[in-house]
Amino acid sequence: MVEAALPKFLGNLRSAGEGLSAQELTDLDRVVERKLYDIDRADVQAVTDGSDDGFLYARGFIVAMGRDFYTAVAEDPETAVPDAECERMCYFFAHLHHERHGAFPDTGSGISRESCSNPAGWPR
């Protein structure tokens, strides 16, 4: 399954990020943060996973699978893979920033990547 390839993918991503500056790592963390936030929606959760942490990790998997898969799921949540998770992707660049620079980045975005934090995705 695709999940079995994630450790190698994340290792390659880590190697690619080794030479990046603190600002570049912060910028990448901000992109991941925004992507996670934008698919923080009830219709996506209905296909992927029901728990808060599990849904965050499911969104991490969607982001890790790349632009085409992400766009497909954003447009049609039925294309998502149920119960697939990639917890490490959710804070990947933040942790790399912390390891290299001794602090977690401040994206300054004011948004949260935690589940159910995007009000547009959870109609009442």
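Predicted model: local features only at pLDDT ≥ 70, side-chain atom pairs only at ≥ 80, totals over all residues.
Trainee: Switching to the inside. How many residues are in the largest nonpolar core?

Mentor: There are 27 residues in that core, and the ones with the most contacts inside it are Cys-86, Met-89, Phe-92 and Phe-93. Helices H1 (6–17), H2 (22–38), H3 (42–48), H4 (52–64), H5 (67–75), H6 (87–90) and H7 each supply at least two of its residues.

Trainee: Which helix gives the largest share?

Mentor: H4, with seven residues.

Trainee: What does Cys-86 contact, leaving aside its neighbours in sequence?

Mentor: Setting aside anything within four places in sequence, Cys-86 is in contact with Leu-6, Leu-10, Tyr-57, Gly-60, Phe-61 and Ala-64.

Trainee: Back to H4, then. Is that helix mostly covered or mostly open?

Mentor: Mostly covered, as 11 of its 13 residues are buried. Among them are Phe-55, Leu-56, Tyr-57, Phe-61 and Ile-62.

Trainee: And what do those buried residues pack against?

Mentor: The buried residues of H4 pack against H1, H2, H3, H5 and H6.

Trainee: How far does H4 reach from end to end?

Mentor: From its first C-alpha to its last, H4 reaches 18 Å, close to the 18 Å expected at 1.5 Å a residue.

Trainee: What happens just after H4?

Mentor: Gly-66 comes there, and it takes a positive phi of about 100°.

Trainee: New topic: where does Pro-105 lie?

Mentor: Pro-105 is in the segment after helix H7 (92–101). It counts as buried, at 15% relative accessibility.

Trainee: So which residues does Pro-105 touch?

Mentor: Not counting residues up to four places away in sequence, Pro-105 touches Thr-26, Asp-29, Ala-94 and His-97.

Trainee: And how far apart are Pro-105 and Gly-66?

Mentor: Their C-alpha atoms are separated by 23 Å, and the two residues are 39 residues apart along the chain.

Definitions and conventions
Residues numbered from 1 in each chain as written. Heavy atoms only, no water. Helix = DSSP H or I, 4+ residues; strand = E, 2+ residues; numbered from the N terminus. Buried < 20%, exposed > 50% of the residue type's maximum accessible area, 1.4 Å probe, protein only. Contact = heavy atoms within 4.5 Å. Core = buried A, V, L, I, M, F, W, Y, C linked by side-chain atoms within 4.5 Å. Expected span 1.5 Å × (residues − 1).
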